[in-house]
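Please look through the model below with the following briefing at hand.

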Amino acid sequence: MTFASNNPTKQAMIRGFLQRCPGCGKGHLFRAYLKQVDACAECGEAFGEIRADDGPAWLTVMVTGHVIVALMMSVEALLTMPLWISVSLFRTLSGAMVLGLLQRAKGIFIGLIWQTQASEAISTAALSTAD
């Protein structure tokens with residue numbers, strides 16, 4: 001499935017979320033859970049130099065925290081359950097959400113960095129300061 005949009009930044013981010021190449025939307029973006037491919041197998045676009053750093057972790061924690069806290073407060077207001085059940089339930093839910101969102105968040109950041117060509121600007125600035 002290839003996602004297409006009139007907004008190229010939105011298109012690249014959604015293709016990244018879908019774990020596909022932000023350029024063509026066909027090739028895989030990851031070779032392992034958080035290891036991106038060096039280049040797209042379909043179009044040859046290079047991703048080896050793109051570093052998402054802490055952005056995906058930040059986004060994952062922000063989304064997970066807001067959803068889990070809202071859900072926890074709602075459940076605790078409606079139901080009475082022992083503390084150990086509550087802690088076990090929300091800890092498991094939090095872990096599952098983090099594992100489910102982290103790779104997709106990294107895909108979003110890779111798509112955004114690729115579209116805005118931010119990795120090229122950083123490497124060009126690093127080269128000019130090294131001289």
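Gln 103 counts as buried because its relative accessibility is 13%, where buried means under 20% relative accessible area, exposed over 50% and partly exposed in between, with a 1.4 Å probe and protein chains only. This is a predicted model, in which local features need pLDDT of at least 70 and side-chain atom pairs count only at pLDDT 80 or more, while totals for chains, interfaces and linings use all residues. Residues are numbered from 1 along each chain as its sequence is written, and side-chain values use heavy atoms, with hydrogens and water left out.

**Gln 103 and its surroundings**

- Gln 103 lies in helix α3; helices (H or I, at least four residues) and strands (E, at least two) are DSSP runs, numbered from the N terminus.
- Not counting residues up to four places away in sequence, Gln 103 touches Gln 19, Phe 30, Ala 32, Tyr 33 and Leu 34, with contact meaning heavy atoms within 4.5 Å.
- Leu 34 is partly exposed, because its relative accessible area is 29%.
- Beyond residues up to four places away in sequence, Leu 34 touches Leu 102, Gln 103 and Lys 106.
- Leu 34 and Lys 106 are 72 residues apart along the chain, and 7.6 Å separates their C-alpha atoms.

**Overall makeup**

- The protein has four helices and zero strands, in the sequence pattern α-α-α-α.
- Of the 131 residues in the protein, 27% are buried.
- Among contacts between residues at least 6 apart in sequence, 53% join residues at least 24 apart.

**Packing of α2 with α3**

- Two packed helices are described by the angle between their axes and the distance between the axes.
- Helix α2 (residues 55-78) packs with helix α3 (residues 83-116) at an angle of about 150 degrees, and their axes are 8 Å apart.
- α2 is therefore roughly antiparallel to α3; angles under 35 degrees count as roughly parallel, over 145 as roughly antiparallel, 65 to 115 as roughly perpendicular and the rest as oblique.
- Axes here are lines fitted to C-alpha atoms, for helices over the stretch in contact, and angles run from 0 to 180 degrees between N-to-C directions.
- α2 and α3 cross in a right-handed sense; a crossing is right-handed if the near helix is turned clockwise from the far one by less than a right angle, and left-handed if anticlockwise.
- By class, the contact of α2 with α3 has 18 nonpolar, five polar and two charged residues; Ala, Val, Leu, Ile, Met, Phe, Trp, Tyr, Cys and Pro count as nonpolar, Asp, Glu, Lys and Arg as charged, and the others, Gly among them, as polar.
- Gly 55, Pro 56, Thr 60, Thr 64, Ile 68 and Val 75 are buried in α2, and the buried residues of α2 pack against α3.
- With 24 residues, α2 reaches 35 Å from its first C-alpha to its last, close to the 34 Å expected at 1.5 Å a residue; the expected span is 1.5 Å times one less than the number of residues.

**Packing of α1 with α3**

- Helix α1 (residues 8-17) packs with α3 at an angle of about 150 degrees, and the axes are 7 Å apart.
- α1 and α3 are therefore roughly antiparallel to each other, and their crossing is right-handed.
- On the α1 side, Pro 8, Thr 9, Ala 12, Met 13, Gly 16 and Phe 17 meet α3 residues Arg 104, Gly 107, Ile 108, Gly 111, Leu 112, Trp 114 and Gln 115.
- By class, this contact of α1 with α3 has seven nonpolar, five polar and one charged residues.

**Other residues**

- Ser 86 is in helix α3 and is buried, with a relative accessible area of 8%.
- Ser 119 is found in helix α4 (residues 118-130).
- Ser 119 is in contact with Glu 49, Ile 50 and Ile 113, leaving aside neighbours within four places in sequence.
- From C-alpha to C-alpha, Ser 119 and Ile 50 are 5.7 Å apart in space, and they are 69 residues apart in sequence.
- Asp 53, in the loop between α1 and α2, has a positive phi near 50 degrees and is a residue other than glycine.
- Asp 53 counts as exposed because its relative accessibility is 53%.
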